[in-house]
Amino acid sequence: MMFRINSLHVSYGGIMALDGVDCAVNEGEIVCLIGGNGAGKSTLLRAVSGLVKPAGGTIYFNNLNITNLPPYKIVPTGISHSPEGRKVFAALTVEENLIMGAYALSHIDYDVLRFIYDLFPRLKERRKQTAGTLSGGEQQMLAIGRSLMSKPKLLLLDEPSLGLAPLVSKEVFSHIKRINETQKISILLVEQNAAAALKLSHRGYVLEVGKVVLSGSSEELFDSPLLKESYLGKKR
Ligand SMILES: Nc1ncnc2c1ncn2[C@@H]1O[C@H](COP(=O)(O)OP(=O)(O)O)[C@@H](O)[C@H]1O
Ligand SMILES: [Mg+2]
C-alpha cells in the first residue's frame, strides 16, 4: 500500500467535515472519491497535502507518516495537489505557471516540462500566452501540468471536469488516463460526475457527510444500488 489514510478526522471550528475516514491508494492505481456537495472530498485532499490540520487519524505515504507535515515538506515526498477551481496564475504565462509548479524542488526538470508539452501540445503552442486568456479546458490542462512539475508519485485531482463542456471533460479524462499509464503516477481523483470517474478509475470510495459509506472496485460500485439511485441517476 503506497498511500493510506486511517481514521482521519477534520473539523472546522467544531463542525466535523471528516469523521473517521479510511482510504488507500496502491501503486499505479486511479482511485476516485465520489460524493455530493459538502461531503468532505476537498477537505480530504487538503488534509493530505497539509493545507488543513487533522484533528485525528494518520496519513502514511511510502511508509512515511506525513500527517502533520507542512505542505512544503509534503510536496517533495511525491504528492502533488491540483485544487478545485483550477487556480492558475492569470497574469503569468503558461510556461511561468508550469515553472511555478517546481517551486518545492531544488531545480526545474526540463524533461518533465517536455513531457507536459508532449502531453498537452496546446500548452506548448501557447507557452508565451498569459494563463488568464486560456479557455477553461486549457486552464485545467495547465493546472494538471503544473502539478506534474513537482514530479509526483501520487497526484490529487479535485474536480478536474468542473464547469467544462462534455467534450472538453472527456479530453481531460483521457489525459489523466495517459498520465497514469505512461508515467505510472497514482491518482486520487475527486469527481461529482460519478459515471465518468468510475469509468476512469480502478477503485472508488463514496463519501457522505464525512464518512465512507461504500467502497469497492469501479465495477462493483457501478452496479451498486446506492450509486445507481443517488449518483448515476439520469446520466448515461
Ligand atoms: N474553510 C472552511 N471553513 C469552515 N467549513 C468548511 C471549510 N471548508 C469546508 N467546510 C465545510 O466542510 C464540509 C466539507 O466541505 P468540502 O470538503 O469542501 O466538501 P466537498 O469537496 O465534498 O464538496 C462542508 O460542510 C463545508 O461547508
Ligand atoms: Mg470540493
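Visitor: Which residue forms a salt bridge with Arg126, and how far apart are the closest N and O atoms?

Guide: A salt bridge is a side-chain nitrogen of Lys or Arg within 4 Å of a carboxyl oxygen of Asp or Glu. Here Arg126 pairs with Glu125, with the closest N and O atoms 3.1 Å apart. This is a predicted model, where local features need pLDDT of at least 70 and side-chain atom pairs pLDDT 80 or more, while totals for chains, interfaces and linings use all residues. Residues count from 1 along each chain as written, chains are lettered from A and ligands numbered from 1 in written order, and side-chain values use heavy atoms, without hydrogens or water.

Visitor: Are Arg126 and Glu125 buried, partly exposed or exposed?

Guide: Look at relative accessible area: buried is under 20%, exposed over 50%, partly exposed in between (1.4 Å probe, protein chains only). Arg126 is partly exposed at 22%, and Glu125 is exposed at 62%.

Visitor: Which residues are linked with these two in a network of salt bridges?

Guide: The network joins Arg122, Glu125, Arg126, Glu138 and Glu171. Inside it, the side chains of Glu171 and Arg122 meet at 2.2 Å, N to O. That pair ties together distant parts of the chain, 49 residues apart: Glu171 sits in helix H7 (residues 166-183) and Arg122 in helix H5 (residues 121-125). Helices (H or I, at least four residues) and strands (E, at least two) are DSSP runs, numbered from the N terminus. Glu171 is partly exposed, at 28%, and Arg122 is partly exposed at 28% too.

Visitor: How many residues apart in helix H7 are Glu181 and Lys177?

Guide: They're four residues apart, so about one helical turn separates them. Glu181 and Lys177 form a salt bridge, with their closest N and O atoms 3.9 Å apart. Glu181 is partly exposed at 47%, as is Lys177 at 40%. In total, the model has eleven salt bridges.

Visitor: What surrounds ligand 1?

Guide: Count residues with a heavy atom within 4 Å of the ligand. That shell includes Tyr12, Ala17, Gly38, Lys41, Thr43 and Arg46. Helix H1 (residues 41-48) gives the most to the shell, with four residues.

Visitor: How far is an oxygen atom of ligand 1 from an N or O atom in the side chain of Thr43?

Guide: For Thr43 it's 2.5 Å. In the side chain of Lys41, an N or O atom lies 2.7 Å from a ligand oxygen, while Gly38 uses a backbone N or O atom, at 2.8 Å.

Visitor: Is Ser82 buried or exposed?

Guide: Ser82 is buried, with a relative accessible area of 3%. You'll find Ser82 in strand S6 (residues 79-82).

Note on methods
A polar contact is a pair of N or O atoms within 3.5 Å; within protein, one must be able to donate a hydrogen and the other to accept it, and residues adjacent in sequence count only if both atoms are side-chain atoms.
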